[in-house]
Amino acid sequence: MTVELEMSPQEIKEKKPYLEWGLSEKEYDYIAQKLLGRLPNYTETGLFAVMWSEHCSYKKSKAVLREFPNKNARVLQGPGEGAGIIDIGDGQGIVFKAESHNHPSAVEPYAGAATGVGGIIRDIFSMGARPIALLDSLHFGEIKDSRTKYLINEVVAGIGGYGNCMGIPTVGGEMTFDECYADNPLVNAMCVGIIEQSEMQKGQAKGVGNAVMYVGAKTGRDGIHGATFASTDFSDEKETQRSAVQVGDPFMEKLLLEACLLLTSKHQDWLVGIQDMGAAGLVSSSCEMASKAGSGMTLDLDNVPQREDGMSAYEIMLSESQERMLLCVRAGFEKQVQELFHNFGLDAVVIGRVTEEKNYLLRHRGEIVTDIPVTSLTDDVLEESSREKKPARMLAQSRKPAWHPGKLVVAATLRKMLQQPTIASKKSFTETYDSQVRTNTVVGPGSDAAVIRIRQTNKAIAITTDGNGRLVYLDPFVGGKIAVLEAATNLVASGATPLAITDCLNFGDPNDPEVYWELHQAVKGMAAACRQLDTPVISGNVSLYNESNGTAIYPTPMVGMVGLLTDVHQYLTPTVKQVGSQLFLVGETGNDFAGTEIQKMLTGQLSGSLNDFSLTTTVQRLAKLLQANQAGLLESAHDLSEGGLAVALVEMTLHSQLGLSLAVPFAGEQLFSETPGRFVVSVAPQKVAAFKQLLGTDAVLLGEVTAKRELALKYQDGTAVLDLEEAKKLWEEAIPCLMKSKD
Amino acid sequence: MKIAIIVFPGSNCDVDLFEALHSVCGATAQYVSYQEKSLAGFDAVMIPGGFSYGDYLRCGAIARFSNIMPEVVRFAAAGKPVLGICNGFQILTEAGLLPGALKRNNGLKFICKTTALTVENNETPFTNQYQAKEKIYLPIAHADGSYYAQKDVLAQLEAKHQVVFRYADENPNGSLNDIAGIINETGNVLGMMPHPERAVEALLGNVDGLRVFTALLAGNGYQKEAIR
């Protein structure tokens, strides 16, 4: 075993290895001159490099993130901890967060996706919550080459492999396909947990003399510099990045989950704080726990359980080995904690203590390898102001006339559209996820939102993830508004009142002023919608540098939203229920074709500007629909998104044996318009009067549910009839067929 | 009637089984750790689904060496009812309480969906509330559910009516003879890949699994009226 000789502080200054770790010369000089007053050694430089990476410090995005509302009466925990928490009454809270694992999934899709799921689950149970649901927002290239098929298969397998074994149902999410994601797929995982408010935990290390305990899997050399890795863009020359992807072990995490929840629920008197060792592993968890409590900390790295020989302090601190947690345990209870974890077959070792001095002191092999102020890693990060510039493409677009599809053969267009991968059935993927374990899944994958019953209450929560990069690409501000609104409409269509959101902001290289402008505008749009809906942003993450060989993805903010049903029995699905029920379109339809599925399908590209819309009017409409549902007036509801009204109507019949006979008050092509904030609902005949009275002019009668298995449509300039069994077959078989096809 | 739910490291349908028995059927159920060595005081044993020991080595292969398993074997030998669901079925085959083995699905993927089943034998303590040849729907959720046994074993299973559930409309995993569940020769140890505990509440859209539990409970003096 040879141990690589580490550079001396002087050599570091001269050879500048930190540049490769993501630290700039300016930052290095600031650390040496202003923060430490000396040259940092090898380990210290490594710690600064990861802690000051965008992934850990948000140094570039912080200024923008401040624009998000993150408080209201329901918010029990906002951003800053492992996950956010909202109050759902009865002394209970819902804990949730989403996180991106884009870069690891591009390099090693199975392990990247699996550890993305594993990481977000740990964030939830580090708060003291029982994870109850998983969702995934996935964006891939077009299904046309073997590389993309490989990425899709492996990412889906990784998600299922981890979640299924953990016994946490994967209940929903989304999957879209666009060429911009071909080399840089987006893999965003969201986890939702439930907590007794009396058991809420914090990631803090306070109380001088209290123990810092390491629990869970041993530390290896995997994932070193993962956080830094996620903060640069890809290029073909950097094939060596593979070593930065971690490997997951869901069985280990299941044990860790049960042990941690036993500790947080039954032995709170032993525990001071708990935090997941996620990105930047031991260093970020330990210094953040100390920093949040205003404490100092010493760690003895020789005590860290290791599965490889000869690891350096640098490697131990930066390893991103999975399934590990850091605890702060009240002095005197170390033995008890150790015993609890040993019962689950897990390591639990005291590796340090909370100290009075405010420094972060690491010992390794009899030497002090790090001695720096705690806050220098966490609070002193140089925030970077970024230049912003409206993208040239937007200026060019705004001068062009709006794209319009012209007159369409509606039935043929609709048949083709049902086979577009973004619209077609994802069952062949979602069927590989256990969506039912824990037996609380009232509505699983494939609906507008998942609905999960809360046991021992009459309540349920509804959960959705939404992101539409195409719209944000054309207009980040309006697109950002739509991203949040789309999530809210999905919840309302499921019968739930929107409560709060989490997000993953997937963007390109923020050093590009156009990308930064997109980020800023999207956040402004999202924040505006969140304020109007009173759905604060309680957690989230930022994934920048989503570029491959200089080409950025569409700016793709993913919104994960949670809503509440006070009576689980009021849940709604899109499926029509009985012959004779009346179908209503709620919300006005305009000529919104820019960035739509119809535009992509017919022209192969996106162009145009988005029409802005009134959030006030739309949110009022949502409130009315909720009121209608609570009054028991709705049989089913569906929000209109990709493919517009035409696709929504077919979707409402897919899981029934029924048909529709309708007349729409506009032109055929407008059936494919994607004006945001609209719904179709079905209302039983005896409830129609009450429904009309409540919705007024917001709702337009389209027609009724029939026993004939066809969609019969009259529109201003024609008629169309679609055989629904045939349509269902096309919709179901499109993706399996593409996945099987030869390149 | 007191039912033991055996919990192994990695079991994850234990809670679902408990809720089905306790909250839905109003029965007395209790978790029993794999480390325990006694089943004294229990009238039935259920081994839940999940990923005992992470499915490492082979599904159920490590779990069967747990402290509790010799006791489960004795319990079964005494003629008392034992039910293994999904991973529980795999463990029962590994422990030799049921013949054959569960192989990787022929599609090689984990599948979670509702499957149609035929009740092939309605004269067991678990199925006597179903009609003969009744078609029911239960969810499956497994990657390794393809039942395999040698020809003579299969022939014997068929001859002695030990096939209790058979996949009806389609065979989702490549099981020989479409087998979804089998019982031992003495008729007290049932293993099945589908999850009856996931189909006991109308709210979740399916109650076809309920009678597996109520049949067992009824056979032991349980009052059907007690079902909530």
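In which strand of chain A is A:Asp276 found? Select A:Asp276 and you land in strand β8 (residues 271-276); strands here are DSSP runs of E with at least two residues, helices are runs of H or I with at least four, and both are numbered from the N terminus.

Before going on, note that this is a predicted model, in which local features need pLDDT of at least 70, side-chain atom pairs count only at pLDDT 80 or more, and totals for chains, interfaces and linings use all residues. Residues are numbered from 1 along each chain as its sequence is written, while chains are lettered from A and ligands numbered from 1 in the order in which they are written.

A:Asp276 counts as buried because it has 29 C-beta neighbours inside 10 Å (buried means 20 or more other C-beta atoms within 10 Å, with C-beta atoms placed from the backbone). A:Asp123 is buried too, with 27.

Next, show the contacts (C-beta atoms, placed from the backbone, within 7 Å). Beyond four places in sequence, A:Asp123 contacts residues including A:Lys97, A:Cys191 and A:Asp276.

Finally, move to chain B, where 23 residues are in contact with 22 residues of chain A. Select α1 (14-24), β6 (111-119) and β7 (135-142) of chain B: each supplies at least two residues of the side that touches chain A.

How values were computed. Buried ≥ 20, exposed ≤ 12 C-beta atoms within 10 Å, placed from the backbone. Contact = placed C-beta atoms within 7 Å.
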